Protein chains: 2
Amino acid sequence: MSARTAPPAPAEGLRDVLDWLEERRAAHRFEVEPIAFDALDGWSFDPVTGDLGHRSGRFFTVRGLHVTTKDAGPAWHQPIIVQPEVGILGILVKEFDGVPHFLMQAKMEPGNSNLLQISPTVQATRSNYTKAHKGADVRYLEYFRGARQGRVLADVLQSEHGSWFFRKSNRNMLVEVEGDVPAHEDFRWLTLQQIGRLLRRDNVINMDARTVLACLPWPGPGGLAPHQDIALLSWFTEERSAHEVHARTVPLAGLPGWRRGARSIVHEEGRYFDVVAVSVQAGSREVAHWTQPLFEPKGLGVTAFLTRRIGGVPHLLVHARVEAGFAETVELGPTVQYTPSNYAHLTGSDRPLFLDAVLGAGPAAIRYEARHSEEGGRFRNAESRYLFVEADAVAAPLDPPPGYLWATPYQLTALLRHNHYLNVQARTLLSCLTTGAVRL
Amino acid sequence: MSARTAPPAPAEGLRDVLDWLEERRAAHRFEVEPIAFDALDGWSFDPVTGDLGHRSGRFFTVRGLHVTTKDAGPAWHQPIIVQPEVGILGILVKEFDGVPHFLMQAKMEPGNSNLLQISPTVQATRSNYTKAHKGADVRYLEYFRGARQGRVLADVLQSEHGSWFFRKSNRNMLVEVEGDVPAHEDFRWLTLQQIGRLLRRDNVINMDARTVLACLPWPGPGGLAPHQDIALLSWFTEERSAHEVHARTVPLAGLPGWRRGARSIVHEEGRYFDVVAVSVQAGSREVAHWTQPLFEPKGLGVTAFLTRRIGGVPHLLVHARVEAGFAETVELGPTVQYTPSNYAHLTGSDRPLFLDAVLGAGPAAIRYEARHSEEGGRFRNAESRYLFVEADAVAAPLDPPPGYLWATPYQLTALLRHNHYLNVQARTLLSCLTTGAVRL
């Protein structure tokens, strides 16, 4: 099963990596079928609360969320994924011939439109690695838990989608090792350059890999020492203080504005997302067959940083975003984080700021564009166009509106040493910088 | 009412400051009386939930809390203060003759045993400064809100007591100004040296001042640039990931283990704290008379860092503490944070680690000791002995037990640029270092 695979030479192109990915895709049998809720195995709606959970009490539960904000519009209800345990997203790093390589996995996830993408070395919920599903061991877990060998390069809790998860954090880790590491056939050592080139393609590097890669220490103007500008921190504190959001979980049964059918839970105006169920047949996962619920958002998202050179230095326009599921009200997101069906009914000043600057950008202004999937273990066909768009003074003034701030990529990546400054969409875009997929 | 007061010369002793404090104490009329709950004005128990709240819906509410932890002992219930709004704790800084001075306030708080202590320039809940109680303006607030003048030295959200508050944060700010600042008679410019000397006395510098002073940028070995050791951050992440705590508010009525009488809510075995009510008559607060609930803990606490020189550099033994009210499960606390009545029934290995090393320390090993009060606006007679105790290799080995780590004071103060790494008790002790009250 396992062998010591020599790493590809750094100069090697992508063809070999893509061939390997196709070969792994062919080697496993993947089938994902939408099913009715009553065909779920082990999952059911609680007779009292209507919450959708697993009989083991582990994995995750779909509950209702009631959200009220002070001075920020009407209250709302929505389904939400509650998964309090902290998972591990870990990438193993090792130098070959002086070049750091990253051990990446070809991993199937049922929600991805192409099913198989490149994931971190370890991508495991606590339920996974404590064997709630009685499956196989999680490979390479020993490098990320307990009295581990190796040098930790990054180790930080980061949030995931605050619109879909209630206070979810995963542990993002990069660990460098020196000794021999047996590489299983579903795993492969890739250089940062290769990963950066793969990130320019649609749907190859999965979300879990992207968020870990964003946390890679990134040399800034002053070397590796983190530089946290007090002005940026003070603005962040002000934004976090200014918003009062009360979000509490409530029973999923009878959730106002949402309707449960045999195969989906939908918003009564068809907005936001559906809750659906799928049956999965797979050879490469820890267990060979399972069923599970997924959230399926409506339509292709648009997620973008506007960028400008200020004093010769590239800056990104960050947005202090309230998402109901954040543990602490506000995190920094991209300039635009837009899901068409959430906003299609809005016009004029209710439309998201800066959206038109992104949608109307000409080819010369688009510095980066690729489609990426959100976590395919929880979300089905959740894709977004991710962009860096160069803006001019008209579209994006130096003195931006309240809630927005120009920051350097280096300031932002330095914040990734700490919890919950940057949301997962911003981290996807920052991973394009730490891997060199885009240079500003 | 206000005049431009010349600052005291830096070389000046404490006598003048203490005289001023006594003079302010005499100038105001302070009376605090315990009262029955039904003598509260504007506060009442909700007829359905039994929660104790104010008719305006602002200030704070006393509710019940139900806490379960995974792999960490039995569940419990307790009353908790719910105060979701973020207050401002701000100190104004200004140089006189090249020496930084801090504008401190002589402020009465009903829970303090000596009522009047030295507080930050601004210590205001959002209810305060948005006038929920229709009182006078909060002085100097304009330096800490909106388009303010001055240079921000620190601006960060920090937690307060996780055993008594549910996810409470306050904004800790230090702002340096250059222009003239009119000093009201209840305010006075103090040097850091003076503050450090006052911190060596019992119950002079209040908790709100201490937590802000802890956030003062503190020059470390490499200057002011924050140095965050990845080993420390990784250990913190591991501790935060390892604990799963579920805390949810529940109705105060019928809270298991607690009994409500006419004048107090008490634990059935007399442990932890009582909820009581007081009537306050004051001339120096925004309003002249009010009533309110307070939490009154049982007995004098013991809060201490053990310290050792490692490789010639002073280190503190920090403890990764779970407190049910923390927004994120774990923060770093002192080596010992002990309230006798919570533990008096425990023996042997159930007694808190390192407690005996603190209680048994001889005079030569005690590098610092003073009694300080916790926030007197919420807590009555909540005092603790705060200590730095020099430990030997027997009492405190270099390889400490799980949940403990040796860190330098500089590493810890650098973490105070960010949210929720260090709990409020650790911050009190660190303020003794940033002000020079103790030198290790």
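**Buried, bridged and touching**

Mentor: In chain A, 60% of the 440 residues count as buried, where buried means under 20% relative accessible area, exposed means over 50% and partly exposed is in between (1.4 Å probe, protein chains only). This is a predicted model, where local features need pLDDT of at least 70 and side-chain atom pairs count only at pLDDT 80 or more, while totals for chains, interfaces and linings use all residues. Residues are numbered from 1 along each chain as its sequence is written, chains are lettered from A and ligands numbered from 1 in the order in which they are written, and side-chain values use heavy atoms, leaving out hydrogens and water.

Trainee: What makes chain A as compact as a globular protein of that length?

Mentor: The radius of gyration is taken over C-alpha atoms, and the globule rule is 2.2 Å times the number of residues to the power 0.38. For 440 residues the rule gives 22 Å and chain A has 21 Å, which is close, so chain A is as compact as a globular protein of that length. Its C-alpha trace spans about 60 × 60 × 40 Å along the principal axes.

Trainee: Why does P400(A) count as buried?

Mentor: Its relative accessibility is 18%, and the cut-off is under 20%. So P400(A) counts as buried. P400(A) sits in the loop between β26 (383-390) and β27 (404-407) of chain A; strands (E, at least two residues) and helices (H or I, at least four) are DSSP runs, numbered from the N terminus. Leaving out residues up to four places away in sequence, P400(A) touches L317(A), L405(A) and W406(A), where contact means heavy atoms within 4.5 Å.

Trainee: Which helix holds both R25(B) and E22(B)?

Mentor: Both lie in α1 (residues 15-27) of chain B, three residues apart, about one turn of the helix. An α-helix has 3.6 residues a turn, so residues three or four places apart point the same way. R25(B) and E22(B) form a salt bridge at 3.3 Å, N to O. R25(B) is partly exposed at 23% relative accessibility, and E22(B) is partly exposed at 43%.

Trainee: How do you know that helix α9 of chain B is mostly covered?

Mentor: Count the buried residues: eleven of its eleven residues are buried. Among them are V424(B), R427(B) and T434(B). Just after α9(B), G436(B) takes a positive phi of about 80°.

Trainee: How many residues does each chain give to the contact?

Mentor: Chain A gives 34 residues and chain B gives 35. About 3000 Å² is buried between the chains, 44% of it from carbon and sulfur atoms; buried area is the accessible area (1.4 Å probe) that two parts lose on being put together, summed over both. I230(A), S241(A) and H418(A) supply 16% of the area that chain A buries against chain B, more than any other three residues. There are two salt bridges between the chains. R171(A) forms one with E238(B), where the closest N and O atoms are 3.1 Å apart.

Definitions and conventions. A salt bridge is a side-chain nitrogen of Lys or Arg within 4 Å of a carboxyl oxygen of Asp or Glu.
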